[in-house]
Amino acid sequence: MKKIVASVLALALAASLAACGSSTASSAASSAASSEASSAETTVLKVGASPSPHAEILEQVKPILAEQGIDLQITEFDDYVMPNTAVEDGSLDANYFQHLPYLEDFNAKNGTHLASVGVIHYEPMGLYPGKSSDLANIPDGAKIGIPGDNTNGARALLLLEAQGVLKLKEGVGLEATELDIEENPHNVEIVPMEAANLPASLPDLDFAVINGNYASGAGIGDTVLVTEDADSVAAQTYGNIVAVKEGNENNPAVLALVEALKSDTIKQYIKDTYNGIVMPME
């Protein structure tokens, strides 16, 4: 009788252990499946940007997109060419660093197929001091650096004209080049160069007209002498955009990015952080 009872107990214990093992295995399998499902639901969005302010603003957007299952991966660039070629070849889903006139000019010159999906902010272009700082007493023959690309160069010349440094031919507007300078009372020398190099070149220049993002990145925003009027045609025309390759304008993750960048939270962050060097589009 004792042997029978012992056998029954042994069988019961074995069954219990088997059930426990089965439960553990089932739990592990369920956990793995859940993890795989969670991973499958995450969308990776690769975006190229200038370090400041664009990448800084995108960092603020990361948690907003994460709540929607979007993993925003930011790649920083120090030039205005590679972020566009990377979107064109598919290495990036989008970029955020340029304005529409620059994008259109880039497409025309490089045969690329980029399109804007939203205007996020504008950066009033500013005139910064180098060896000189008094606009009322500009040295004869002063060297003034401006961005070397067509669109930003024209904008810089318009700002110089607005300050009475020079006068451009009537009607040239946003197509202006150095060849359109009609009056140059101070005999200033316009020095076009790569926009990113302007802040570092200030010691060799009397003044420089610098894009807001590069001024911000160089930590010289508080030294600006004058900026474009926020209501000027130039400031409004040169709003910074999110760009994608044509055909990807309706990518849900990109549209979520644009919506987040236009949110009140991000608008307030821009206002609080950049003190007028960068302003959100209203």
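Which element gives the largest share of the lining of the largest pocket? Helix α5 does, with three residues. Start there.

**Before you click**

This is a predicted model, in which local features need pLDDT of at least 70, side-chain atom pairs count only at pLDDT 80 or more, and totals for chains, interfaces and linings use all residues. Residues are numbered from 1 along each chain as its sequence is written, and side-chain values use heavy atoms, with hydrogens and water left out.

**Stop 1: the largest pocket**

Select P101, D105, N150, T151, A154, L174, E175, A176, T177, T237 and Y238. These residues line the largest pocket. Two elements each give two or more residues to this lining: α4 (100–110) and α5 (150–162). Helices here are DSSP runs of H or I with at least four residues, strands are runs of E with at least two, and both are numbered from the N terminus.

The pocket holds about 160 Å³ of space. A pocket is an open set of points on a 1 Å grid over the protein atoms alone, where a 1.4 Å probe fits, with protein on both sides within 12 Å along at least five of seven lines; lining residues have an atom within 4 Å of a point. The volume is the space filled by probe spheres set on the points, which are joined across faces, edges and corners.

Colour the lining by type: five residues are nonpolar, four polar and two charged. Ala, Val, Leu, Ile, Met, Phe, Trp, Tyr, Cys and Pro count as nonpolar, Asp, Glu, Lys and Arg as charged, and the others, Gly among them, as polar.

**Stop 2: salt bridges**

Stay on D105. It forms a salt bridge with K109, the closest N and O atoms being 3.4 Å apart. A salt bridge puts a side-chain nitrogen of Lys or Arg within 4 Å of a carboxyl oxygen of Asp or Glu. D105 and K109 are four residues apart in helix α4, so about one helical turn separates them. K109 is exposed, at 54% relative accessible area. Exposed means over 50%, buried under 20%, and partly exposed in between (1.4 Å probe, protein chains only).

The structure holds four salt bridges. Next, select E228 and R155, whose closest N and O atoms are 2.7 Å apart. E228 sits in the loop between β11 (226–227) and α8 (233–237), and R155 in helix α5, 73 residues away. Both are buried.

Now pick K245 and E88, another salt bridge, at 3.9 Å. K245 lies in strand β12 (residues 240–245) and E88 in helix α3, so the pair ties together parts 157 residues apart in sequence. K245 is partly exposed at 28%, whereas E88 is buried at 17%.

**Stop 3: N84**

Remain on helix α3 (residues 82–88) and select N84. Is N84 buried or exposed? N84 is buried, at 0% relative accessibility. Its side chain makes a polar contact of 2.9 Å with the side chain of N95. A polar contact is a pair of N or O atoms within 3.5 Å; within protein, one must be able to donate a hydrogen and the other to accept it, and residues adjacent in sequence count only if both atoms are side-chain atoms. Beyond four places in sequence, the contacts of N84 include F97, Y102 and L114. Contact means heavy atoms within 4.5 Å.

**Stop 4: H121**

Finish in strand β4 (residues 114–122) with H121. H121 is buried, at 0%. Its side chain makes polar contacts with the side chains of Y96 (2.6 Å) and E123 (2.6 Å). Beyond four places in sequence, H121 touches residues including P53, H54, N240 and M281.
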